[in-house]
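Visitor: Could you take me through the aromatic rings here, and what sits around them?

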Amino acid sequence: YEAITRQKEKTKLPSNSEIASIYNRNQTYEMLLSMLTLSQVHRDNLKKRGFSDKSIEFGEYRSTPAFGFDKLTRALAEKGCVIQGVPGFFEKKDGNWTMNFKSVCSGILIPVRTMSGLIQAFQIRLDNPFVDSKGKQTKYIWFSSVDEEKGVSSGGPAHFVGNPCDETVFVTEGPLKADAAHSMSGRTFLAVAGAGNVNSLREPFEILKRNGTVNVYETLDMDKYTNIHVENASKALIRLIKEYGFNPKIMRWDSKYKGVDDFLLSNQ
């Protein structure tokens with residue numbers, strides 16, 4: 001009986017918290033960023049991608065902390081930040097709260113912002129990407145605590161950078177790619193988290209429509225012509241652009257440059 005009880009306890013799923021408001025998430029995340037730094041290695045990496053020092057400061061990128069997670073969490077709570085319900089934070093068995101950083105998940109912390117500039121979530125660009133059994137690489141993960149007690153999922157929100165009243169907006173995949181493209185071109189970008197996350201654009205599209213945006217460019221990676229998943233995402237995106245009454249356009253470039261950021265970097 002004792003063994004069965006122990007097994008039940010082991011397989012018991014954690015109970016999740018309700019996600020905190022965007023304002024509370026933004027306050028906690030901004031305060032966390034003020035406690036972290038960006039390593040020279042990560043700064044150099046961003047510069048190679050086309051970022052200037054100014055755009056790196058504007059983006060508020062940081063290196064993930066290597067230790068002191070409990071201490072950082074305690075410091076945030078002492079400053080009046082909301083912890084429960086903020087993706088990435090969870091309650092440990094001893095009742096203390098901490099954050100879900102791991103040494104194997106070290107990398108660049110990327111703020112994912114709403115159209116009003118509030119941080120709604122974080123992505124991490126991994127220093128050492130995971131490779132699954134099929135050889136597929138995972139370079140980006142969410143800062144999430146969905147698998148932990150009183151933790152919460154970050155979801156897969158769209159990211160915005162630029163002018164919310166721009167007449168022309170470009171849509172790509174990945175917040176860091178959007179930020180890099182904006183840094184090099186000065187144009188307004190929306191980014192879906194992944195090829196299957198097109199519906200995350202509905203809320204920003206509604207705001208852009210009210211703000212007077214006319215043209216929306218699909219600027220997904222050039223493997224949309226060879227990868228069925230990206231091709232399907234491209235078709236779904238064009239349908240959504242039309243649904244909201246925007247003028248849909250598809251941006252093409254030399255396929256030796258996979259992403260719009262790579263293409264822009266080649267012209268710097």
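Guide: Here is a walk through the ring pairs, one after another.

This is a predicted model, where local features need pLDDT of at least 70, side-chain atom pairs count only at pLDDT 80 or more, and totals for chains, interfaces and linings use all residues. Residues are numbered from 1 along each chain as its sequence is written, and side-chain values use heavy atoms, with hydrogens and water left out.

There are 11 aromatic pairs in the structure. Rings of Phe, Tyr and Trp (its six-membered ring) pair if their centres lie within 6.5 Å; planes under 30 degrees apart are stacked, over 60 edge-to-face, and the rest tilted. Take Phe 170 and Tyr 217: their ring centres are 4.7 Å apart and their planes sit at 20 degrees, so this pair is stacked. Phe 170 belongs to strand 8 (residues 168-173) and Tyr 217 to strand 10 (residues 215-218), so the pair ties together parts 47 residues apart in sequence. Strands here are DSSP runs (E, at least two residues) and helices are too (H or I, at least four), numbered from the N terminus.

Phe 170 has 8% relative accessibility and counts as buried, while Tyr 217, at 22%, counts as partly exposed. Buried means under 20% relative accessible area, exposed over 50%, and partly exposed in between (1.4 Å probe, protein chains only).

Now for Phe 205 and Phe 246, an edge-to-face pair with 5.2 Å centre to centre and 75 degrees between the planes. Both of these residues, Phe 205 and Phe 246, are buried.

Finally, ring pairs link Tyr 29, Phe 69, Phe 89, Phe 101, Phe 122 and Phe 143 into a cluster.
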